[in-house]
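Work through the exercises below with the sequence and the model side by side. Each task is followed by a stepwise solution.

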Amino acid sequence: MMHNNSKRPLVLIVDDNPTNIDLLVNTLKADCRLGIAKNGPKALAYVGEQLPDLILLDIMMPDMNGYEVCTRLKEDPRTRDIPVIFITALVEPAHKTRGFEVGAVDYITKPFHAGEVRARVKTHLALKRMNEELNAQNIVLEKKVAEKTAELEEMLQATIRAMALTSEVRDPYTAGHQQRVAELACAIARKIGFSKDRIRAIHFAGLLHDIGKIRVPVSILNRPGKLLEAEFDLIRVHSQTGYDILKHIHSPWPLAEIVLQHHERLDGSGYPMGLKEDAILPEAKIIAVADAMEAESSFRPYRPALGIDHALAELISKRGVLFDPHAVDACVALFKEENFQFVAGRPTILENLPDADLSLQE
Ligand SMILES: [Fe+2]
Ligand SMILES: [Fe+2]
């Protein structure tokens, strides 16, 4: 078989006995390029210069025996994947076992048969090549997956923003409300110590928590003055409508359930199900606090903005009754101690979209 010189695999022979070296060279020279090292330290020096595709390693050598050479090769990430075949006069099973323990892939006893050596070398070279190809493919695949994931992530963000905008366009007074709620809810969750992943869920659910208002007549949403009970009933439907809109979106988080529960209250006085305490998702409890805080502190068609202090006092008075105590405490600390301010303060009209969520960057 003809070989292009550079394509022929490089095999390093490590042996202190010239006769053995000659035999191995004659056995392999037709198929392989060959390197020779006459002892352990020289073998290690050789692989420091160039990486062979396979190493044939004698065990009994002066200075450093083959086990130790092999151990060193396996410790170095550069040389760890080079297959090592022991070729030795030691025939005890214990010696062979030791050879495999230090990381060899095969073990040939002397006197060897040329055909057997050729066959085993060929097999292990083929295995190594397959491994390398698999690794290379994996790297390419991982890169592709990372690219696609980033793309999907961007699309998801854009889609959610578009959905949030769609619902807010009809309701200019609360435009930006969902953004600000998402922002504050994430800050609260982070302060409580939620994982990054759950904070992401809160971010998305916060951005969409009032999407169900798309079903509430504009005349009610924008009407100045106190609402009638019947009108409130129409507004209350938005939790369920939000759930219905989101429930078929396949995501790793219970987004639809969080949205469904954002008006539930600890004492069971909330809607739509009147859930209590631990029956309410922690994510929904946090959004409830952020929602109340944002709504209380900003302007509404039926009243002027009441201000941060008023909103905080309200929250504190309902702490443990309507609102989760940890979430309230975190919210109060954010405003009182950390000077929290809503970044997404501007209305989210299309040409004035706030920048990406600062709230998620750490
Ligand atoms: Fe709501
Ligand atoms: Fe809301």
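Asn39 has 18 C-beta neighbours inside 10 Å, so Asn39 counts as partly exposed. The model is a predicted one.

**Exercise 1.** Place Asn39 in the chain and list its contacts from beyond four places in sequence.

*Solution.* 
- Step 1: Locate the residue. Asn39 sits in the loop between E2 and H2.
- Step 2: Val14 is 25 residues away in sequence, yet the two C-alpha atoms are 6.3 Å apart.
- Step 3: Collect the contacts. Beyond four places in sequence, Asn39 meets Asp16, Met61, Pro62, Asp63 and Met64.

**Exercise 2.** Decide whether Met64 is buried, partly exposed or exposed.

*Solution.* 
- Step 1: Find the residue. Met64 belongs to the loop between strand E3 (54-57) and H3.
- Step 2: Count neighbours. There are 15 other C-beta atoms within 10 Å. Buried needs 20 or more, and exposed needs 12 or fewer. Met64 is therefore partly exposed.
- Step 3: Name the contacts. Residues up to four places away in sequence aside, Met64 touches Asn39, Gly40, Pro41 and Val69.
- Step 4: Check one pair. Met64 and Pro41 are separated by 23 residues in sequence and by 7.0 Å between C-alpha atoms.

**Exercise 3.** Work out how the buried residues of H2 are arranged about its axis.

*Solution.* 
- Step 1: Pick out the buried residues. In H2 (residues 40-49) these are Gly40, Ala43 and Val47.
- Step 2: Look down the axis. The buried residues of H2 fall within an arc of 55 degrees, so they line one face of the helix.
- Step 3: Turn to the other side of H2. Ala45, Gly48 and Glu49 are exposed there.
- Step 4: Find what the buried residues pack against. The partners are strand E1 (10-14), strand E2 (33-37) and helix H3 (66-75).

**Exercise 4.** Classify the packing of H11 with H12.

*Solution.* 
- Step 1: Read the geometry. H11 (residues 282-297) packs on H12 at about 140 degrees, with the axes 8 Å apart.
- Step 2: Apply the cut-off. Roughly antiparallel needs an angle over 145 degrees. H11 and H12 are therefore oblique to each other.
- Step 3: The crossing of H11 and H12 is right-handed.
- Step 4: List the contact. H11 supplies Val289, Ala292, Met293, Glu296 and Ser297, while H12 supplies Ile308, His310, Ala311, Glu314 and Leu315.
- Step 5: Sort by class. This contact has 6 nonpolar, 2 polar and 2 charged residues.

**Exercise 5.** Locate two cis peptide bonds, one ending at Pro111 and one at Pro272.

*Solution.* 
- Step 1: The Lys110 to Pro111 bond is cis, with omega near -5 degrees. Pro111 lies in the loop between strand E5 (106-109) and helix H5 (114-169).
- Step 2: The bond joining Tyr271 and Pro272 is cis, with omega about 5 degrees. Pro272 lies in the loop between helix H10 (255-260) and H11.

Notes
Residues are numbered from 1 along each chain as its sequence is written. Chains are lettered from A and ligands numbered from 1 in the order in which they are written. This is a predicted model: local features need pLDDT of at least 70, side-chain atom pairs count only at pLDDT 80 or more; totals for chains, interfaces and linings use all residues. Helices (H or I, at least four residues) and strands (E, at least two) are DSSP runs, numbered from the N terminus. The arc is that of the directions from the helix axis to the C-beta atoms. Two residues are in contact if their C-beta atoms, placed from the backbone, lie within 7 Å. Axes are lines fitted to C-alpha atoms, for helices over the stretch in contact, and angles run from 0 to 180 degrees between N-to-C directions. Angles under 35 degrees count as roughly parallel, over 145 as roughly antiparallel, 65 to 115 as roughly perpendicular and the rest as oblique. A crossing is left-handed if the near helix is turned anticlockwise from the far one by less than a right angle, and right-handed if clockwise. Ala, Val, Leu, Ile, Met, Phe, Trp, Tyr, Cys and Pro count as nonpolar, Asp, Glu, Lys and Arg as charged, and the others, Gly among them, as polar.
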